[in-house]
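Let's take a walk through this protein together.

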Amino acid sequence: MLTPEQILADIKSDRVKKVIVDGDFSAECDDQYTLAYCLGCDKMEVVGVNASAHFDDKYVDTYSTMLKSYAEMLRVLHASGIDRETFPQFMGSSTQISHNENLAPTDSPAARNIIKVAKEAKPGDIIYIITTGPCSSAVSAYLMDPSIADKICVIWLGGNEISERTLEKGQHEWNMYADFEASRILLSSDIPLIMLHAGPNGSGNIVMTFEDFQKFGSQWDGPWVEQFYSRVLPRTSGVTLAGYTHGWSKIMCDYAGAAAISIPEAMELKIIPAPTLEADGRYTLNPDNKKIIWGEGHNSDIITADAIKCTLNLIERAKNK
């Protein structure tokens, strides 16, 4: 298994990283913008995009939410000038591991592609799976073939801070509870992990302002504006930028996943024993648990500036096609 020390050294190196983006793209707008961030970043080679389901209610049709995320993902690729017929894009888990008998993995094209990419990785390569929603597909791939732990690192936007609240009272964080048992497996298994929590001092610190979004809308009058400026924000965030002038902002938690590779210096990354996630949502701490990389202290100004730069790179490429 890859060690946290190896992973830290790798993400801080100049090597272009192979990345799979796995997101619940129809849940919130930060997933779509994070995919654009990754696609426009010169430090990443996106070797696959997976659509995941979302929502933690067992009565919700997770297959339908996965299909909505898949359709949203295809729109992002189209708006970015990418050929959707040839680009590696996949449907993810249609059921939660939490609801499978004996917590069996959910077989899916996304999980199988993770295994394929990991198996085909060259010596020295690490396949980073930036997971901006539930971790069902990445965990399923591992359960289907545990040997991939030697080649992958999951960068997960999930869970909350380690604090008195999470140690004593538990927590209910969206991505963690979207597939709770998969989250427990991610923390307890030997899957290499960078955990970027959403709690105080975490990825929830990353904020985009009205003026930041204006920088995207003013660049191009084609599919990009329709997708990212006119459609995504009103549908997933309930706002229309045309109705605002100043003072509006949007939390962009998922940017942290891309920033961990693009500009790791914009956050504090440290090696800690993974917290154990108990059945009631509490963390417990055990120094003998596997070691993970824990990210916090995200610098919003640095991260949003980098995200805007990389996204404008992507827009410029699409304009020239």
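The largest pocket holds about 310 Å³ of space. A pocket here is an open set of points on a 1 Å grid over the protein atoms alone, with protein on both sides within 12 Å along at least five of seven lines, while a cavity is a set where a 1.4 Å probe fits but cannot get out; lining residues have an atom within 4 Å of a point. Grid points are joined across faces, edges and corners, and the volume is the space filled by probe spheres set on them. Of the 17 residues lining the largest pocket, Asp 30, Glu 173, Trp 174, Asn 175 and Cys 253 are the closest to its centre. The lining splits into six nonpolar, four polar and seven charged residues, where Ala, Val, Leu, Ile, Met, Phe, Trp, Tyr, Cys and Pro count as nonpolar, Asp, Glu, Lys and Arg as charged, and the others, Gly among them, as polar.

A word on ground rules: this is a predicted model, so local features need pLDDT of at least 70 and side-chain atom pairs count only at pLDDT 80 or more, though totals for chains, interfaces and linings use all residues. Residues are numbered from 1 along each chain as its sequence is written, and side-chain values use heavy atoms, leaving out hydrogens and water.

Helix H2 (29–39), helix H7 (174–178) and strand S8 (249–251) each give at least two residues to the lining of the largest pocket. Helices (H or I, at least four residues) and strands (E, at least two) are DSSP runs, numbered from the N terminus.

Now for the sheet. Eight strands form an open sheet in the order S3-S2-S1-S4-S5-S6-S12-S9, with mixed pairing; two strands pair if DSSP finds at least two bridges between them. Strand S3 (89–91) and strand S9 (268–273) are at the edges with a single partner strand each, so one side of each has no neighbour in the sheet. Inside the sheet, S5 (152–156) and S6 (193–196) run parallel, joined by three bridges, and Val 154 stands opposite Leu 193 in S6.

Finally, the cavities: a search of the whole structure turns up two of 30 Å³ or more. The largest cavity has about 60 Å³ of space, and of its twelve lining residues, Ala 53, His 54, Gln 96, Pro 134 and Ser 136 are the closest to its centre. Its lining has four nonpolar, eight polar and no charged residues.
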